[in-house]
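Open the model in your viewer and keep the selection panel at hand. The stops below run in order, each with something to pick and something to look at.

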Amino acid sequence: IEGKDQKFIGTWVFTQISSDVRVKKVDEENPSKVLSGATFVLKGKCETEGYEDVEIEKTAVSGEDGTALFEDVPYGTYTVTETDPPNGYLLPEEKTQKVEIRDSKKEGKVYDLTFKDAPEYKVTHEFVSGTEGRELPEEIVGRTPDDQTGKKDGETVMPSSFDRTDLVVTDGTWSFTSWDEESKKIDGEDQKFIGTWVFTQV
């Protein structure tokens, strides 16, 4: 004290709560199999006082370990959405999950989410000749239905529709008889329907 009052000034610093959101991407049928190449988007608003209007949007892609990491996400409530599945997989039915950041990474808190994708299967078609010694005309081959995609294991599938009109050629007529089966079940692999055409000579 030197002839006047003295003041001590104490400084406080604010450390915003933030943490990481760690997303694990796995195979729905085999959860021990991790998947790379899935794209996720995190969206929401920061809820820290004074920053309530700050919108957060981040994108992450799962790596070889099946993990997509969103680092230093501030205090708030967010959604994490899978926007693009790995090659050969379907988006999950529950493609959006909610996460609330309430504790800090500095305190050892990391928020974990798991997304499970089902393998994608397809249905193909092929036309064959049921008449020995006669090959199908290109016009009939060109009527082969497009592949069906986005099929899940256990799903019952049927062949696609197409133009079944008889094809008249110079020396006879080609007619569609039937598919090898009316329906098939996806059982861990793609399925193919084989349709037979027969030739009737004039």
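This is a predicted model: local features need pLDDT of at least 70, side-chain atom pairs count only at pLDDT 80 or more; totals for chains, interfaces and linings use all residues.

**Starting in strand S6**

Select glutamine 97; strand S6 is where this residue is found. Helices (H or I, at least four residues) and strands (E, at least two) are DSSP runs, numbered from the N terminus. Glutamine 97 is buried, because its relative accessible area is 16%. Buried means under 20% relative accessible area, exposed over 50%, and partly exposed in between (1.4 Å probe, protein chains only).

Residues are numbered from 1 along each chain as its sequence is written, and side-chain values use heavy atoms, leaving out hydrogens and water.

**Along strand S1**

Go to serine 19, in strand S1. Serine 19 counts as buried because its relative accessibility is 0%. Show the side chain of serine 19 and the backbone of lysine 109. A polar atom of that side chain lies 2.3 Å from the backbone oxygen of lysine 109. For scale, a polar contact is a pair of N or O atoms within 3.5 Å; within protein, one must be able to donate a hydrogen and the other to accept it, and residues adjacent in sequence count only if both atoms are side-chain atoms.

Next, pick valine 26, also placed in strand S1. With a relative accessible area of 3%, valine 26 is buried. Valine 26 and phenylalanine 115 are 89 residues apart in sequence, yet 6.4 Å apart in space, C-alpha to C-alpha.

For a contrast, select threonine 11, in the segment before S1. Threonine 11 is exposed, because its relative accessible area is 70%. Draw a C-alpha distance from threonine 11 to glycine 76: the two are 26 Å apart in space and 65 residues apart in sequence.

**Salt bridges**

How many salt bridges does the count come to? The count is 14. The rule asks for a side-chain nitrogen of Lys or Arg within 4 Å of a carboxyl oxygen of Asp or Glu.

Show lysine 25 and glutamate 82. Their side chains meet in a salt bridge at 2.6 Å, N to O. Lysine 25 lies in strand S1 and glutamate 82 in strand S5 (residues 76-84), so the pair ties together parts 57 residues apart in sequence. Lysine 25 and glutamate 82 are both buried.

Turn to glutamate 47 and arginine 102. This salt bridge has its closest N and O atoms 3.3 Å apart. The pair links distant parts of the chain: glutamate 47 is in the loop between S2 and strand S3 (55-61), while arginine 102 is in the loop between strand S6 (96-101) and strand S7 (110-117), 55 residues apart. Glutamate 47 is partly exposed at 34% relative accessible area, and arginine 102 is partly exposed at 28%.

Then select lysine 151 and glutamate 155, a salt bridge of 3.7 Å, N to O.

Finish with a network: Asp20, Asp72 and Lys105 are joined by salt bridges that share partners. Zoom in on aspartate 72, placed in strand S4 (residues 67-74). Its phi is near 55°, a positive value in a residue other than glycine. Aspartate 72 counts as partly exposed because its relative accessibility is 43%.

**A negative patch**

Show the surface. A patch of negative charge gathers Glu28, Glu29, Glu120, Asp146, Asp147, Asp153, Asp187, Glu189 and Asp190. Patches are made of residues with over 30% relative accessible area and no salt bridge; like charges are joined within 9 Å, nonpolar side chains (Val, Leu, Ile, Met, Phe, Trp, Tyr) within 5 Å.

Pick glutamate 28, in the loop between strand S1 (18-27) and strand S2 (39-46). Glutamate 28 is partly exposed at 38% relative accessibility.

Last stop: glutamate 189, in the loop between strand S13 (184-185) and strand S14 (191-201). Glutamate 189 is partly exposed, with a relative accessible area of 49%.

Key:
Accessible areas come from the Shrake-Rupley method with a 1.4 Å probe; for residues, only the protein chains shown count as cover. Lys and Arg count as positive and Asp and Glu as negative; His and the chain ends are not counted. The place of a charge is taken as NZ of Lys, CZ of Arg, CG of Asp or CD of Glu.
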